[in-house]
Amino acid sequence: MSRRRAVVKREVLPDPKFCSKKVSKFINMIMLNGKKSLAEKIVYAALDILDAKVKDETPLEVFETSLKNVSPQLEVKSRRVGGATYQVPCEVIPHRSLGLAMRWIISHSRSRAGQNMQEKLAAELLDAYNGTGASIKKKDDTHKMAEANKAFAHFRW
């Protein structure tokens with residue numbers, strides 16, 4: 001981390017199908033070994049599966065609702081005070097919250113058993129949309145950890 005100045009965030013261009021920066025960022029996070037076209041196929045196929053399963057909303061709305069449901073508002077950060085390390089609860093800034101949500105959805109969809117990646121990703125997004133699944137559990141665990149360490153909030157920096 002640079003001590004001189006803040007790092008300039010690069011703007012992500014919107015994806016061609018939905019014209020959404022969030023979908024484009026999600027595709028970039030799914031991508032492995034520089035294979036962006038494969039990542040696009042996986043994400044678009046998963047969104048098509050969501051379109052077939054959820055009739056009343058568009059796949060983009062389902063995707064954004066899933067991300068909103070998984071995004072954490074609180075997290076704990078380690079803070080060393082006088083030889084002891086405390087887990088200090090603090091609020092999560094919006095772009096980090098979005099990144100964590102995407103990371104959790106991708107990792108939990110990769111760890112699902114069985115079918116191909118499109119179906120696993122669609123199932124995890126659908127679970128997140130409905131408020132169930134491993135990604136939601138991860139968010140709840142993060143919030144519980146922050147709630148349990150609320151006594152150390154005065155160490156916040």
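Which span should the 14 residues of α5 have at 1.5 Å a residue, and how far apart are its end C-alpha atoms? The 14 residues of α5 should span 20 Å, and the end C-alpha atoms are 20 Å apart, which agrees. The expected span is 1.5 Å times one less than the number of residues in the helix.

**Before selecting**

The model is predicted: local features need pLDDT of at least 70, side-chain atom pairs count only at pLDDT 80 or more, and totals for chains, interfaces and linings use all residues. Residues are numbered from 1 along each chain as its sequence is written, and side-chain values use heavy atoms, with hydrogens and water left out.

**The whole chain**

The secondary structure consists of 6 helices and 2 strands; helices (H or I, at least four residues) and strands (E, at least two) are DSSP runs, numbered from the N terminus. From the N terminus on, the order of elements is α-α-α-β-β-α-α-α. Of the 157 residues in the chain, 35% are buried. Buried means under 20% relative accessible area, exposed over 50%, and partly exposed in between, with a 1.4 Å probe and protein chains only. Among contacts with a separation of 6 or more, 61% join residues 24 or more positions apart; a contact requires heavy atoms within 4.5 Å.

**Stop 1**

Select C19, in the segment before α1. C19 has a positive phi of about 55° although it is not a glycine. Most residues other than glycine have a negative phi. C19 counts as exposed at 62% relative accessibility.

Continue to N33, in the loop between α1 and α2. The phi of N33 is also positive, near 55°, in a residue other than glycine. N33 counts as exposed, with a relative accessibility of 75%.

**Stop 2: α1 against α2**

Two packed helices are described by the angle between their axes and the distance between the axes. Select α1 (21-30) and α2 (residues 36-53). Their axes are 8 Å apart and pack at an angle of about 120°. Axes are lines fitted to C-alpha atoms, for helices over the stretch in contact, and angles run from 0 to 180 degrees between N-to-C directions. The two helices are therefore oblique to each other; angles under 35 degrees count as roughly parallel, over 145 as roughly antiparallel, 65 to 115 as roughly perpendicular and the rest as oblique.

α1 passes α2 in a right-handed crossing. A crossing is right-handed if the near helix is turned clockwise from the far one by less than a right angle, and left-handed if anticlockwise. Show side chains for V23, F26, I27, N28 and I30 of α1, which meet K36, A39, E40, I42, V43 and Y44 of α2. These contact residues comprise 8 nonpolar, 1 polar and 2 charged. Nonpolar covers Ala, Val, Leu, Ile, Met, Phe, Trp, Tyr, Cys and Pro; charged covers Asp, Glu, Lys and Arg; the others, Gly among them, are polar.

**Stop 3: α2 against α5**

The crossing of α2 past α5 is right-handed. On the α2 side the contact involves K41, I42, V43, A45, A46, I49, L50 and K53, and on the α5 side M117, Q118, E119, L121, A122, L125 and L126. This contact divides into 11 nonpolar, 1 polar and 3 charged residues.

**Stop 4**

Because 10 of its 14 residues are buried, α5 is largely enclosed by the rest of the structure. The buried residues are M117, K120, L121, A122, A123, E124, L125, L126, A128 and Y129. Their cover includes α1, α2, α3, α4 and α6.

Within α5, centre the view on E124. E124 is buried, with a relative accessible area of 1%. Leaving aside residues up to four places away in sequence, E124 touches I105, H108, S109, R112, G133, A134 and S135. After α5 comes G131, with a positive phi near 85°.

**Stop 5: α4**

Finally, select α4 (residues 94-110), whose 17 residues should span 24 Å at 1.5 Å a residue; the end C-alpha atoms are 24 Å apart, which agrees. Colour S97, G99, L100, A101, M102, W104, I105, I106, H108 and S109, which are buried in α4. The buried residues of α4 pack against α1, α3 (59-70), β1 (74-81), α5 and α6 (134-148).
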